[in-house]
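Hello,

Here is the structure I promised to pass on. Please open it first, then read my notes below.

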Amino acid sequence: MTNKNYTVEIIEAKGACDTALFKKMASSGDITSSRINDMIDKIVKINGYALCHITAGEKDFDINYYSTNEGIISSGSEVFKNSVLNYIDEDVYVKICKLKTKKGITYKVSPILVNEETGEVE
């Protein structure tokens, strides 16, 4: 998808991000997202994702968008992406976590466990 100033290539999409509306938002530059760092410790339900490649002038980069009940989150973290893809098919809420690693800071999601009999958070 293109705009005068940039091009968005949706590499892979699922759920709420695999829709004509999301594709229109991407091509129009209307994706307003929260940075992952601003969502630390929030509990959300992720209902879709889009793995995208963006070309903006001389710059090329990959960014991932995650649709949640709190809005759209953006992140380039590979660890975050892998943790989301691991749980995207589960009907669960997840907590967004910040981790210190040898290489620096990264992010991931951690499912919120619920007692299957009572429906209460463990």
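Lysine 98 sits in strand β7, which covers residues 94–101. Keep in mind that this is a predicted model.

Setting aside neighbours within four places in sequence, lysine 98 is in contact with Asn37, Ile40, Ile105, Thr106 and Tyr107. Isoleucine 36 is 62 residues away along the chain, yet its C-alpha atom is 9.1 Å from that of lysine 98.

**The sheet around β7**

β7 belongs to an open sheet of three strands, ordered β3-β7-β8, with antiparallel pairing. The edge strands, β3 (43–44) and β8 (104–111), each pair on one side only. Eight bridges link β7 and β8. Lysine 95 has serine 110 in β8 as its bridge partner. Helix α2 (residues 78–87) lies across β7 and β8 and runs at about 10° to β8.

**The hairpins**

β4 (residues 46–56) pairs with β5 (residues 59–68) in the antiparallel sense, over 10 bridges. Within that pairing, isoleucine 54 stands opposite phenylalanine 61. Two residues lie between the strands of this hairpin, and glycine 57 takes a positive phi near 65°.

β5 also pairs with β6 (residues 71–75): they run antiparallel and are joined by five bridges. Here serine 67 stands opposite isoleucine 72. β5 and β6 form a hairpin too, with two residues between them.

Best wishes

How values were computed:
Residues numbered from 1 in each chain as written. Predicted model: local features only at pLDDT ≥ 70, side-chain atom pairs only at ≥ 80, totals over all residues. Heavy atoms only, no water. Helix = DSSP H or I, 4+ residues; strand = E, 2+ residues; numbered from the N terminus. Contact = heavy atoms within 4.5 Å. Pairing = 2+ DSSP bridges. Axes fitted to C-alpha atoms, helices over the stretch in contact; angles between N-to-C directions.
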